[in-house]
Structure formats: structure tokens, C-alpha cells
Amino acid sequence: MDVMGGFQGFGYGEWMLVEELFDAARLHSLETVFTIGNGYVGTRGGFEEGFPRGWSATLIHGVYDDVPVVYTELANCPDWLPLLVVVDGERFGLDKGEVLSYRRQLDLRCGVLSRYVRWRSPGGKTIDILFERFASLADRQVLCVRCQVTPVGCDAGIEVQGSINGYSENLGFNHWELLNQGKTDKGIWLQVRTRSSRIELGMACEMRVSGAEFSLETSMVPGYPTLSAQFPAVSGQTVTVEKLVTVFTSRHVENPVNEARGKLGELLGWSVILETHEKAWNDVWEKSDIAIEGDIKAQVAVRYNLFQLLIAGSRYDDRVSIPAKTLSGFGYRGHVFWDTEIFILPFFIYTQPAIARNLLTYRYHTLPGARRKALHYGYKGAMYAWESADTGDEVTPRWAMPNDPYAEDIRIWCRDREIHISADIAYGSWYYWQATKDDEWMRDCGAEIILDTAIFWMSRVEWNTQQERYELREVIGADEYHEQVSNNAFTNRMVQWHLQRAIFVYEWLGQEFPEKAAELAQKLQLTPERRTRWQDIVQNIWIPYDASTKLIEQYEGFFQLEDINLTDYEPRTKSMQAILGIAGANQRQVLKQPDVLMLLYLMRQSQEFPYDADTLQKNWDYYAPRTDITYGSSLGPAIHAILASDLGKTAEAYERFMQAAMVDLEDVRGNAADGIHGASAGGIWQAVVFGFGGIQFLGDEPIANPHLPPGWTRLKFKLHWRGKWHEFDLHPFVEDGEDGEEITSTSLSPLSPSS
């Protein structure tokens, strides 16, 4: 593979990410970067032979278990990777002997992670080892890893041990109890169960050796069944050891270990599994790829982030969603936020609508949890959890431990006050419906989501008798630097928008599916009076907007806070909240992430109030300089990139886009070890398609109004809109302006819809 460029220890090509030198100091962040998966399981990029203090993890959608303080978390499942190479009695490892050559690469086109090492053992034997692994996209229960061993200038006795490690931990907490283990004619198996949620997991594996005569032995250490292949290898002779693994859980089958053993017996081998896996990836990329010419760094960064989304989206299970850190790390414990509906979902809506449907159906299945939360707080309807897991009940920790051992615990108010998520979920549901015209889903799932959360808003708003208006008090908006504020513009306008759509869905359902309408009317106690109340709230909820200046006040009283000039604090390496403290940030006009600007972006989709060019410009000029865009939230840069594109600020748009695109690859925020920034990855797709591509859906077909960054000679992608695929092929061209000035604009190839 021809490496075309490099950044921070990486080389890369259009489809390849290459680590050219092992750096133990970046161990944990690179474990995240080299995560592989298939929409069912995600495995961090730990080493097959292990490494001291490594955070190896395999996470499976929906496999949650109880844990103190944070309620529940995705359980780190038994590790299927262990493949140990022993050379004349000396175990291979990057922390011992001498590494003469090293190269690790992730092929984004087919999701195969490989690593080549030339290693000299402490005893002086030199050996080439090539590891490869993938999680089959064609068969979600199949995982494959292999190594090819070649002695260099010597003969050696080689042993390769392939194990299932049942002692995986979530950074010190083990969720599994051993039920049973055993061996078959060709392999081994492990049966475990989570301690609290009682989810059973069965895993089986076998090893196949080619290139040498070998003997195969089995070891049954409790919780760590192992196959051991021993063989002599001569200089220049390559011996291949394939380890094929199957995994099932009781979330989908009654007897996981029997299913795993049965599936293992059906596997035809590495080459056949790889061929079907590659075909599945070709089909996915055919719909979801973005091609960029003229900027190889942006190209590989975009494909990398899309790859991480594609391996996190469930193709088969509509009772799970995508956690904020996907299936790539322990950050946020595998909990699901608004990140999914607002940032991640659009990518799937317009390129993989079946996955988008699953993500939203998860919210339908978790409506009971949302209703329990509303009841707990004394409200009606459904109030979605800020952090959700398997049941939809609130799992946001109530308290956080401070870094200072003498400081008091920190109260986390998001669980109580960051209520805009219910409108965010309605927003995602509405735009999925608009894009797909999936009336069946709206009838069976979406309508109940939108209507029951509308009932919640009806009970949550307050009537201000003095001002004669509806208000929302004690909330947290998108900007989390300011807690328990009143009349947050983002929240109030999203509620207004939500209720407008609820009225539409209420009437549509009655016209198109009267039986379903009657069923929901009885179940949710929907009455004409409630519909009238929704309309009253729509007309009278207060949006803090000054028509004369076109400025939107982030919340009531925000403009009266102490102003701030962020340049006064440069240079810095941490957030403004870390510098000022929680109270200090709360008292100043500094933003963790776009709030008013986020609102303008969401209203941009349908060109609704308050979005227009002049309002965007005025509010950009006010809020962008006050946003902690570098060290605040990772959700901000992509949104800034889109709005900067709208404003013709192409250089700033590109800067923010690349800030988002490299957040994990360059560990921009120093927290990539916790897992992939899923919302940022989704925002990158939106920045390219909606920002640089200028896509809008204002009629029967998507329309492009592109403004490509300098250097981009081509931008190509597909969108699925109302049953048809539309291919966009955008090119810049240069024309002469006045006085011979060159003007760069963008041409659009003819739209090519296909069924």
C-alpha cells in the first residue's frame, strides 16, 4: 500500500490508516482509534498478545449490567483476541526483546486490522509476525483473527496459544460469572453470565494451522480455555494460524453456548468468511462513501469517521442505539444521549435508512422508561432520559467525584434539567419520516413518541400570568456551562417546533389511520382539548428574540452576565469551565458548545424561524467568539463548520471541520482513550454534505448549493430521499471576475436519481 501522507505518527492513503511506529504513551488512545466492529460487537485495538496496562475491550450492543453510582454500563465481554506466540520458550511481546520493525494498519474499505512486527527474542531469534483480525459484517456472530509466523535467518520451535479470556473487566469491575466451559473435537467454548442483568453469553473458537506439521493441545484453566498449537518452523517458512470465534447472547437466542458451538461447526475458513465480509463492506460503502479529491488528509479522516459510525449502527436489533462513545471504549458507560438523534442519525437516514429506523425504534421501545421518569418528576406523558441504556430509565449519575479529594461531590443536574432531549428525539423521528415516507413506522412507533412527549411538554411549561406567556424555567440548554436557567431559547423553540409537529401528526393519523388514532387517543388520553392546548402553547411560548437587532438571547438574563474575551485566556490547554470553575463559567457569557447557533442550524433544515441569513450573521458574530470551541464540547466544531460555510467563511469552516475530523485520530482533546467521539463523527458527515455540499431538502428532491473548501477538486456522495438514490458530483471551476480577478465557484453534475 502506497502511503501518501502522515500526521502524528500515522501514514495514510485514501482507504488506509497506518501506524508506523509504536508509541506506548499513546497506547489507550490508539486502542480506540483501531477499534473494529460490525454493528453488533465492537473490539478495541488491543494487542493479541496483550500489553501491560492495556484497556482491551469487546462490547456488544445491549449487554448492560448493574454497577454502583452510574446504575448500569455496557459489560466488557470475554476477550476473543488472545493469540500468544512463543518462540523457543520465550513469549513474544512489544515490551520485551527488540522490535526491529513495526507497522499497524486499518483498511477502512473492508474493516480489516493488521499488524506486522519483526521481533528479536531475548534469546536472539528473529521472527516476522503478521496479525490480522476482523468482525464479519456478513455474519455478526463471527469474529476472526490469525497470525502468520516466519522465522528470519534461523529455525525455531513455535507455539501459538489461542484463548478465550473470561476475566475481562470494566477498568477494575468484572461483570461476569463463570457457568461452564469445555472442549469439542476441534475447539473450545465458554459459558458466562452477567452478575445482575443475568444475560448469558456463549463463545466458541477453534484454531486451524497450515504450513507445517503441528500438534494441538487443550487447556481448561477455569475461565480461560486455551488451544495450543506447537510446530517447528524453518527460516523463511511461513506458518499460518487461524482462530475462528463465534459469539451469541441470550438477548437473541435461548441457549447461547449451543448456538456458538453449532455456528462454529458451520464455518468454512478464513478465506471464505473474509470474502463474504468484504462483499458486505462493498455494498455498505456503495451507499455511504464520500469521495474527496484534492485533500487526502480530509479524505481519509472522513472515511475513518464514517467507518466508526458504520461499525456502531445495529443492522439487526431495534432495541439498541449507538452510545456516545459507540462500542469503542468505557466513556459514558455505553449510555445513549441526544448525540444519536441530532448528530449521528442524519448519516443513517440518508445513506442507511434501515439502521436509522432501528435507532429510532429503540426510542419507541424505551417509552415506558420515559414515562416512569415523567411520573417520578410529577409530569404527564413521556420524559426521555438524558442518559439512557437498555430500559430507557434515567441512568445519568446524580453525583460526580471531584478531582480534589477535599472538595465536595459535584451535583449533576443534566438528569433533572436538560430536558430538550425529548424534543430532539421527536426532531429525529420527524426527519426520518420526511426522508423515507415510512408511514408504517410513523403509525406504529413515531406517532406515539411524538404525541406522548408532547403531552410531557404540556405539563412541563408554566404560564406567566404577568407576562401572559408560557415559559420553561430551571432548564439546561445545549450549552451546559449554564445550569438551571429560565427560558432557554434552544429549548423553548424546540418545544414549540415539537408541538407544531405533534398537531400535524395527530391530524394525519386521524385521517390516514383512524383505528390507530383511536387506539392512541385511548392509551394516551388524547382529547381535542389537549390538541387545543398544544396550539395555545405554540402561539404563546416565549422565545427571547429581539426583532430589531435579530439577536436571540441564549436564555433570560444571559446578556446581563459578565462578558468575556476568550483571547485573554490564551494560550491554554483546558476548558474555560476548568479555568473559571463551575460557578465562574456560569456567571459569564462563555459557552461550552453552540446553543443559539445549534438552534439556527436545526431550523436551517426547513428554513423556519429564526433561521435567515441576517439572523445567522448577527448571532454568529455575537456567539461564535464566546464559544469555547477548542476545549468545550466536541459537538461544537462540526456545527460551526456548517454555519461558517453558510456565511461564506470557508477558511474558518474548513478549520472547524478538520478540528472535528481529527478529534480521535490526533487525540485533539486528550480523551480519545475513552472511546470514539460518535457525535463528532456524525457531525463530520453533516459538515461535508450539508455544509460544503450545501444540501437542502426543500422540495421533492434534494438540492445542492455547494461551496467547496480551497483545494477540493471534487466532492461526491449519494443520498437516499423518498425511495430514490441521488448522486451528487460537485466540482469547482474558476472563472474571470471583474478586473481579471479569478472567482472560484462550484459546478454540479446533473442529478442522477435511481430507484
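This is a predicted model: local features need pLDDT of at least 70, side-chain atom pairs count only at pLDDT 80 or more; totals for chains, interfaces and linings use all residues.
Me: What is the average pLDDT of the protein?

Reply: A score of at least 70 is reached by 96% of the residues. Over residues 735-755, however, the pLDDT is below 50, although this stretch has 47 contacts in the model beyond near neighbours in sequence. The average for the protein is a pLDDT of 95.

Me: What percentage of residues 19-251 is strand?

Reply: UniProt, in an unreviewed entry, places the feature "domain: Glycoside hydrolase family 65 N-terminal" at residues 19-251. The end C-alpha atoms of this span lie 37 Å apart.

Me: What percentage of residues 303-686 is helix?

Reply: The unreviewed UniProt entry gives these residues the annotation "domain: Glycoside hydrolase family 65 central catalytic". The end C-alpha atoms of residues 303-686 are 13 Å apart. Strand makes up 4% of this part of the chain, and helix makes up 51%.

Me: Why does the end-to-end distance of helix α10 agree with its number of residues?

Reply: Helix α10 (residues 439-460) has 22 residues. At 1.5 Å a residue, the helix should therefore span 32 Å. This agrees with the distance between its end C-alpha atoms, which is 29 Å.

Me: On which residue is the kink in α10 centred?

Reply: Helix α10 is mostly covered, with 17 of its 22 residues buried. The helix has a kink of about 50°.

Me: Is Thr326 buried or exposed?

Reply: Thr326 is found in the loop between α4 (296-310) and α5 (339-351). Its phi is near 50°, a positive value in a residue other than glycine. Because buried means under 20% relative accessible area, and Thr326 has a relative accessibility of 3%, this residue counts as buried.

Me: What is the relative accessibility of Tyr71?

Reply: Tyr71 is found in strand β8 (residues 71-74). Although Tyr71 is not a glycine, its phi is positive, at about 70°. Tyr71 counts as partly exposed because its relative accessibility is 34%.

Me: Which residue in β12 is the bridge partner of Val99?

Reply: β11 and strand β12 (residues 112-120) pair in the antiparallel sense over nine bridges. These strands form a hairpin with four residues between them, and Gly111 in the turn has a positive phi of about 65°. In β12, the bridge partner of Val99 is Trp119.

Me: In which loop does Pro571 lie?

Reply: The peptide bond from Glu570 to Pro571 is cis, with omega near -5°. Pro571 lies in the loop between β28 (551-552) and α14 (576-586).

Definitions and conventions: Residues are numbered from 1 along each chain as its sequence is written. Side-chain values use heavy atoms; hydrogens and water are left out. pLDDT is the predictor's confidence in each residue, from 0 to 100. Contact means heavy atoms within 4.5 Å. UniProt positions are given in the numbering used here, feature names are shortened, and annotations may be inferred rather than shown by experiment. Helices (H or I, at least four residues) and strands (E, at least two) are DSSP runs, numbered from the N terminus. The expected span of a helix is 1.5 Å times one less than its number of residues. The bend at a residue is the angle between axes fitted to the seven residues ending there and the seven starting there. Buried means under 20% relative accessible area, exposed over 50%, partly exposed in between (1.4 Å probe, protein chains only). Two strands pair if DSSP finds at least two bridges between them.
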